[in-house]
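My notes follow the order in which I checked things.

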Amino acid sequence: MKLSSRAYDLFNAFEQPGCPVCRLTMASVHQYLDSLIYEYVNKPATHMMVRAARGFCPRHGWHIQNEINASAVGIAVLYEGLVRNLLKDMGNPDPKGGKRHVAQIADALAPQAPCPACEHQRTVEEHLLRNLLEHIGQDEFAAGFERSAGLCLPHLRQMIDADGSARAKAHVLAVQQAVWSRLQKDLELFYDKQDYHHLREDMGAEGDSPRRAIESFSGADGVR
Ligand SMILES: [Zn+2]
Ligand SMILES: [Zn+2]
C-alpha cells in the first residue's frame, strides 16, 4: 500500500471510533490554536487576522478558553489589540446619533474576515477528503475505511463537492453504504434487546450504536 502522510493518518484513524475526518480535523484545529496562542509574540499576521475577524467564532473562542492550557497571557495580548482597534474603528458614538450614524458603527463592528480557525479547519477537511478520494482505489485502504465508522453525513456531502474523480466518489459512497447498513442493524438490535423478552441478553457491539448514530449524522461533538 502506498500512502501519503495524510492518507496514512486517515488509515490509522479508521481504527478509532467516529468519523475519521472529524477526528483528524479536530486534532489539527486544536494544534493550530495551541501554536497560535503560544507564538503570538512574533506573529503580527496572527494579530491582523484575529482583528479582521473581530475575534474567533464562538466555537473556537471557547475552545481556546477551555482547552488551551495556560493561554491567558496569549489571549490578553491578542484581544487587547483587537479591542484597541475596534474602539478606534467605532469612532465616537454620539448618544444623539441617528440611523445613519448607527449604521456606520454597525459596519465598523462587522467582521472583515472569517474566523482564522474556521479557515484552517476548512483547509484541513478539504485536504483529508482529497486524500481519501486519492487512495480509495487501494484495496487495503478501502478495507480499512469499510471497518471504520465511515464519514459523518456533513463530511460525506463535503466529499461529494470536493475535487476528485466521480469514480473515486462512487467508491467512497459504496463503502459508506456498507458502513451505514451495519449501523442500521446495530440500532435495530439495540432496541430489540430493550424488549422485555430479551432483558437478559447482554449488549454487544450495538451497545453504543445510538451515540454512533448521532455522530454519524451530526459529526463529532465540537467539530461544528
Ligand atoms: Zn466528520
Ligand atoms: Zn471558528
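I began with Arg130 and listed its contacts, leaving out residues up to four places away in sequence: Arg130 touches Ala162, Asp163 and Gly164. I noted that the model is a predicted one.

Next I looked up where Arg130 sits, and found that Arg130 lies in helix H7, residues 116–135. Is Arg130 buried, exposed or partly exposed? I found 18 C-beta neighbours inside 10 Å of Arg130, so Arg130 counts as partly exposed. The cut-off for buried is 20 or more, and for exposed 12 or fewer. I also checked Ala168, which is 38 residues from Arg130 along the chain; their C-alpha atoms are separated by 10.0 Å.

I then turned to a pair of helices. At what angle do H10 and H11 pack? I read an angle of about 140° between H10 (residues 166–194) and H11 (residues 209–218), with the axes 9 Å apart. The two helices are therefore oblique to each other. I recorded the crossing of H10 past H11 as left-handed.

For the contact, I noted Leu183, Asp186, Leu187 and Phe190 on the H10 side. On the H11 side they meet Ser209, Pro210, Arg212, Ala213 and Ser216. I sorted the residues of this contact into five nonpolar, two polar and two charged.

Last, I looked at helix H5, residues 72–90, which has 19 residues. From first C-alpha to last, H5 reaches 26 Å, close to the 27 Å expected at 1.5 Å a residue. Just after H5, I found Gly91 with a positive phi of about 70°.

Conventions: Residues are numbered from 1 along each chain as its sequence is written. Chains are lettered from A and ligands numbered from 1 in the order in which they are written. This is a predicted model: local features need pLDDT of at least 70, side-chain atom pairs count only at pLDDT 80 or more; totals for chains, interfaces and linings use all residues. Axes are lines fitted to C-alpha atoms, for helices over the stretch in contact, and angles run from 0 to 180 degrees between N-to-C directions. Helices (H or I, at least four residues) and strands (E, at least two) are DSSP runs, numbered from the N terminus. Angles under 35 degrees count as roughly parallel, over 145 as roughly antiparallel, 65 to 115 as roughly perpendicular and the rest as oblique. A crossing is left-handed if the near helix is turned anticlockwise from the far one by less than a right angle, and right-handed if clockwise. Two residues are in contact if their C-beta atoms, placed from the backbone, lie within 7 Å. Ala, Val, Leu, Ile, Met, Phe, Trp, Tyr, Cys and Pro count as nonpolar, Asp, Glu, Lys and Arg as charged, and the others, Gly among them, as polar. The expected span of a helix is 1.5 Å times one less than its number of residues.
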